[in-house]
Amino acid sequence: MPLFLLVAAVAGIALCVIFIPIIIINLVLIISSYINPGELPGVFGIKPAVVLSGSMEPAIKPGDLIFIHDIRADELKKDDVICYLLSGKAVTHRIVEITAGEDGKRQYITQGDANNAEDQATVSEQQIQGIWKGGRVGGMGDVILFMQSTIGMILFIICPLLLFFLWDIWRRHRMDKAEIARTAELEAELAAL
């Protein structure tokens, strides 16, 4: 086997090893977002969330990708950083006080670290998506948001697929050409005998 084909085969296997888990995780996230539309999608109790505001600076910056961990609401305590849904949007703020609501259930008063006042609305147990334990990837949220845009989809989905198909066509053409040359060589050897 020529060195080029060996390198191409190894590269193809490496890309499969990298992309197959990513594709599976994305499929799980997409399916779980349709099954539970009122919750952030997650895998193995971890939910990725993109930070859009600077209310938790300096710990969490706009454009960061953070990881929210499942937790029971009764395990939460003051100073925990939680992610909750407010009008369909994820908000990540620190618990500054836990109170009992009118119905006797826990209510959480939150505040962003960079904000100078508590949030106006209290958070109920049903709104809570999980706790932030410090996991974040700086700037990755901006990349994810860009990839969801039209230009991002063209650059990160359509172009790679197109390049893969063109490479596959070129590779098959090259293999067919090599096979034709090998067949002609064998026919020439047979004719010489």
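Rings of Phe, Tyr and Trp (for Trp, its six-membered ring) are taken as a pair if their centres lie within 6.5 Å, and the planes then count as stacked under 30 degrees apart, as edge-to-face over 60 and as tilted for the rest. The model is predicted, so that local features need pLDDT of at least 70 and side-chain atom pairs pLDDT 80 or more, whereas totals for chains, interfaces and linings use all residues. Residues are numbered from 1 along each chain as its sequence is written, and side-chain values use heavy atoms, with hydrogens and water left out.

**Exercise 1.** Determine how many aromatic pairs the whole structure holds, and classify the pair of Phe164 and Trp167.

*Solution.* A search of the whole structure finds 2 aromatic pairs. For Phe164 and Trp167, the ring centres are 6.2 Å apart and the planes stand at 35 degrees, so this pair is tilted. Next, take accessibility, where buried means under 20% relative accessible area, exposed over 50% and partly exposed in between (1.4 Å probe, protein chains only). Phe164, at 47%, is partly exposed, and Trp167, at 31%, is partly exposed as well. Finally, Phe164 and Trp167 belong to one aromatic cluster with Phe165.
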